[in-house]
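Q: Can you walk me through this one? I would like the overall picture, then the details.

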Amino acid sequence: MTPLMELRNVTKVFGGNVNSPNATVALDNMSFTIEVDFPHIITIAGESGSGKSTMMMLLLNLYEPTMGSVLYNGRDVRTLKKDEVLDFRRNVQAVFQDPFAVYNPFYKVDNLISIPIKNFKLAKNKRAAYELMNSALTRVGLRPEETLGRFPHQLSGGQRQRIAVARALILQPKLLIADEPVSMVDASLRATILKQIRELNQELKIPVLYITHDLTTAYHVSDYIIVLYHGSVMEAGDVEVVIRQPKHPYTQLLVNSIPWPDPNHLWGEAAESIKGARSTGHQGCKFAPRCPQAFAPCLESKPPLFRNEGVHASACFLYQGGEVVNQDDIRSLFR
Amino acid sequence: MNTSPLLEINELKTYFYVKAGTVKAVDGVNLKLDSGVKMGLVGESGSGKTTMALAIMRMIKPPGTIEGKIFLEGVDLVSLTEEDMRKTRLSQIAMIPQGAMNSLNPVMRIKDQILDGMFDHGLELGRNEKKERIEKLLQIVELPDKVSKMYPHELSGGMKQRVCVAIAISLLPKILIADEPTSALDVVIQRQVMETITRLVNELNLSMILIGHDMGLMAQSVDRLAVMYAGKIAEIGVVKDMFADPLHPYTQLLISSLPALGKRGVFQGIPGIPPSVINPPPGCLFSARCPKVIAGVCEVINPPLVEIKPGRFVACHLYDVGGAQ
């Protein structure tokens, strides 16, 4: 079966081409598939600059890949015809990070929901459209009478973000991509919004890509995780295994940096506070300059993904000897 | 020991008189901060944390007003003249405002921005002294010397935040107020910056007020924690006690809404939305969302903040003397 979306050997470079000295490689030869019949939440995690948002922009056809291709139902998104573009736009929905920036302050928030209804002719008449908006808002836990007819500045960040989720869902998409949907929302509301995304994923049976640097929420909301560093996959697998027993030194650094809400579980004293050396002038592992456990092979060649046990693989020479997982086949880990 | 606290806030009120009514952003806050203590101040957006910090710095602009008393070593900041207050800022109390890293002047070198505050406070330094001071400050915040000659756009977010910390401690204040110092940084950088701040606060023996909404960060960084809700303090205590045994229903919900590394998928938000503080009704403002509301009491009478154990304060009718426990 053709996957719904596929990244095929995608590289995205900013500031020149691959060979330019100052170019930033945001995503490096990434391959990944998203299938409709695999309705799980997959987290894409990493620090700022790891390429996670670039991946989203590529999937939404808002960036063009420098090399490789992004496929929708097996067709390159750049060559879609007009009606196919509409179909693509409808089926692949996004929720963005900043709930303040997605609204036009001059329009009521209704606008954000009513425009897709109009564009995709989801309702026969005004009354049906209103019903549709009502049910979508109720579904994300908002009271329609308290939200419709208001201007964005009259609503809180959490309410606005939930309207953005409602908007995505009204279209009954086949894929939802959420880029840091709760990073600008109050801690007490994060749980509510993530819970709703989780419920919708289970009710509507649609895959969700959850892009974040916050491993605590990833742990609770997602099923699988891919950890990126400078555009390459460092570790991937079942979220519980990866976060509870991280194998790659980079994932270990991320997990150790989580501020656990427990005064008895403090950041370790032995802070291997690895300073952000970002030289990538060698052929080896990109994390090697910051890695406390780097050894000779790390500087010579790029480590492939070694399978640890079943559902978990790490791109690190410490785990040499394990079965090598093909970069194109990360999805095979998620079973 | 009979020492008065370093900072003592009595019945602090910050009201904004606007067309729609009176916005009671901070409404009768009492707080004590001892020397060398790191105090966390948490609350949802709009709970008045930042307004309170600005009130301590006396940086509230009209239509806002400050009432009450703020004693810093016995001197009431509210009654100081504008000129005296100006001298107190930075040298006695310094603040790292929210999004401070975006407040650096893009066309000034870092060293000139660090020196700016010192000059303004009348410090006269020779060329070598200046150089030494800057080197020392950059070293404290773990930045390389070369940063002094750079411009803000050449630095990463974490480095800019460190520069702001260096500026804030440049005159060795007694109190450092940090308003969400790591909110725009990712986890690894957040940890590094927070560790630097904690280390220098300990080394220089400063007191700190750390403002934020991330309970995780609070658990990692502070000694005492104050929970704010709708302009009032709901609960204050030692951070470990607060997490182990939260008393106020709001604190209880706040702590249970945190994702921990336990069972997966257990999520609980706080139902309802924060109340408006424009012309707030009488009674406890949390009562509309409170699962343990006492009908006929909570909506009518505003619970005072009472000390129920040494150092532990809570404002809730559940803990009234003779009330239902």
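Q: How many helices and strands are there in chain A?
A: Chain A has 11 helices and 13 strands. Helices (H or I, at least four residues) and strands (E, at least two) are DSSP runs, numbered from the N terminus. This is a predicted model: local features need pLDDT of at least 70, side-chain atom pairs count only at pLDDT 80 or more, and totals for chains, interfaces and linings use all residues. Residues are numbered from 1 along each chain as its sequence is written, and chains are lettered from A and ligands numbered from 1 in the order in which they are written.

Q: What does chain A span along its principal axes?
A: The C-alpha trace of chain A spans about 70 × 55 × 40 Å.

Q: What percentage of chain A is buried?
A: Buried residues make up 45% of the 335 residues in chain A. A residue is buried if 20 or more other C-beta atoms lie within 10 Å of its own, exposed if 12 or fewer, and partly exposed in between, with C-beta atoms placed from the backbone.

Q: And what share of the contacts join residues at least 24 apart?
A: In chain A that share is 61%, among contacts between residues at least 6 apart in sequence. Two residues are in contact if their C-beta atoms, placed from the backbone, lie within 7 Å.

Q: Changing topic: how many residues of chain A are in contact with chain B?
A: 32 residues of chain A are in contact with 31 residues of chain B. On the chain A side, the elements giving two or more residues are α7 (187–204), α8 (215–221) and α10 (249–256) of chain A. The largest share, 7 residues, comes from α7(A). By class, that side has 15 nonpolar, 11 polar and 6 charged residues. Ala, Val, Leu, Ile, Met, Phe, Trp, Tyr, Cys and Pro count as nonpolar, Asp, Glu, Lys and Arg as charged, and the others, Gly among them, as polar.

Q: Which residues of α10(A) are buried?
A: P249(A), Y250(A), T251(A), L253(A) and L254(A) are buried there. The buried residues of α10(A) pack against α8, β9 (224–229), β10 (232–238) and α9 (239–244) of chain A, together with α6 (187–203) of chain B.

Q: Back to α7(A). At roughly what angle does α6(A) cross it?
A: The axes of α6 (residues 157–170) of chain A and α7(A) cross at roughly 10° and come within 10 Å. Axes are lines fitted to C-alpha atoms, for helices over the stretch in contact, and angles run from 0 to 180 degrees between N-to-C directions. So α6(A) is roughly parallel to α7(A); angles under 35 degrees count as roughly parallel, over 145 as roughly antiparallel, 65 to 115 as roughly perpendicular and the rest as oblique.

Q: Which residues meet there?
A: G158(A), Q161(A), R162(A), V165(A) and L169(A) in α6(A) meet L189(A), I193(A), Q196(A), I197(A) and L200(A) in α7(A). The residues of this contact divide into 6 nonpolar, 3 polar and 1 charged.

Q: What about α3(A) and α6(A): within how many Å do their axes come?
A: The axes of α3 (residues 110–119) of chain A and α6(A) come within 9 Å and cross at roughly 10°. That makes α3(A) roughly parallel to α6(A). Among the residues in the contact are L112(A) and I113(A) of α3(A), and I163(A) and A166(A) of α6(A). The contact has 7 nonpolar residues, no polar ones and 1 charged.

Q: Now sheets. What is the strand order in the 8-strand sheet of chain B?
A: The order is β6-β7-β8-β3-β9-β10-β12-β11 in an open sheet with mixed pairing. Two strands pair if DSSP finds at least two bridges between them. The edge strands are β6 (93–96) and β11 (306–309) of chain B.

Q: How many bridges join β1(B) to β2(B)?
A: 10 bridges join β1(B) to β2(B), and the two run antiparallel. A hairpin through 2 residues connects β1(B) to β2(B).
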